[in-house]
Amino acid sequence: MRGKLALLNNAIAEAIPQLALAVSLETESAANEYMLGAALVRQQQWLVARTCLQRALRLQPGLSSARLELATVLLATGEPAQALSVLQPLPHGSNLAVIAKRAQIDVQLAEYGSAAAQVAVVALQGPVRLPEPLLRERLQIAGGLLLAEKFTEARAWLQALTTVTTDPEALANPIPRRIAWIALAALELIETYSNPLNFQNDVDVPELQNLQWQQASVTECSLWSRWLEPLLEQLASRLERQPYSDQEVSRQLLTAILEALSSLLPAQQRQSSLIKRLEQCRDGRRPFVHSDAGSHRAARARLHQASDALLNHLPLLVVHPAAELLAETQQRRRQGLDQLWRQTRGVSGWYLPCGDDAGLEWIDELNACV
């Protein structure tokens, strides 16, 4: 009983030994095996959790909660087809947990670009709003593709994520639409097209404006720092180097982006250097060009960008488990480590991240990774 209460209260470290004892005392209890497996899932101890949950299902094949947890384990270990097979006996119906898990599996089984995005649309158009963690995962897939400059695939995902069900809870929540609309507007200015605009100002800008009254969520703030802010940094840099060919279109899109950010960002971030740069690009003003490209400050900025790409951007590229994305991520990681090491060598004589001895040790460890 104490193990069950600890699990319900999310006191996982306390729950596991209690539940393990219960399993040892009642070897034929499917409920105990399930609860121990569920606790181990929370600790991401996938292999042991798998064993417990499989035992639970052998004892009680109809235990739907154990099937859901086992599907989570199989997705984490890269076995989406097996996860789908585990869920197959469960009725789809209106059970949100089953709907969400099957939607997650269907995306992982599809090709990561437009095919997976079309699969995502089907679930997004369903009768109920998908759980926010799943919507966050799909926005992370889009963000990873954007930062990797896989613009065609990213556009398919962003367009899918602007889809909204008629469920009142979905209509009242800006996730995932606001982030997707902002990114689509930015992508229109980043990507060069010979065809007319993909982002239609008379239709799409009002969609973005309609979301301004909605308060920013914790998920949006997290996605902002994780990939939307770096994307808009790229946009500002591109427009500063070469303004968009149609200044009026650029002004309209940047105005829509800035207005949306005023609802998304806290007050102190609305005055950031990035916002000011985007405002300059919107107004057609020539940006101030720094003359310290070879300075220590510029070198530190490049070092920060390289480390940020390794630590924050590359993991987004493997949110979808496609083998192609994993191979590309590994290649980019090797290239990024090499670049980071070379940049660190250039600044090691005057800048160390955490004191001389620790900094030199950090550089040696980085060298070993290359």
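1. Glu233 counts as partly exposed, at 27% relative accessibility, where partly exposed means the range between buried (under 20% relative accessible area) and exposed (over 50%), with a 1.4 Å probe and protein chains only. The side chain of Glu233 meets that of Arg277 in a salt bridge, at 2.8 Å from N to O, a salt bridge being a side-chain nitrogen of Lys or Arg within 4 Å of a carboxyl oxygen of Asp or Glu. Because Arg277 lies in helix H16 (residues 273-283) and Glu233 in helix H14 (residues 218-241), the pair ties together parts that are 44 residues apart in sequence; helices here are DSSP runs of H or I with at least four residues, numbered from the N terminus.

2. The model is predicted, so that local features need pLDDT of at least 70 and side-chain atom pairs count only at pLDDT 80 or more, whereas totals for chains, interfaces and linings use all residues. Residues are numbered from 1 along each chain as its sequence is written, and side-chain values use heavy atoms, with hydrogens and water left out.

3. By the salt-bridge rule given above, the count comes to 14 salt bridges. One of them joins Lys150 to Glu328, with the closest N and O atoms 2.8 Å apart. Since Lys150 lies in the loop between helix H9 (132-147) and helix H10 (151-161), and Glu328 in helix H18 (residues 323-347), this pair ties together parts that are 178 residues apart in sequence. Lys150 is buried, with a relative accessible area of 14%, and Glu328 also counts as buried, at 17% relative accessibility.

4. Glu328 has a further partner in Arg332, the two side chains meeting in a salt bridge at 2.9 Å, N to O. Glu328 and Arg332 both lie in helix H18, 4 residues apart, which is about one turn of the helix. Arg332 is partly exposed, with a relative accessible area of 28%. Through shared partners, salt bridges join Lys150, Glu328 and Arg332 into one network.

5. The largest nonpolar core has 70 residues, and those with the most contacts inside it are Trp227, Leu228, Leu232, Leu235 and Leu261; such a core is a set of buried Ala, Val, Leu, Ile, Met, Phe, Trp, Tyr and Cys residues joined through side-chain atoms within 4.5 Å. Helix H12 (residues 177-190) gives the most to this core, with 11 residues. Leu228 touches Ile179, Ile182, Ala183, Leu223 and Leu264, not counting residues up to four places away in sequence, where contact means heavy atoms within 4.5 Å. A second, separate core of 33 residues includes Ile16, Ala49, Ala56 and Val73.

Terms used:
Helix = DSSP H or I, 4+ residues; strand = E, 2+ residues; numbered from the N terminus.
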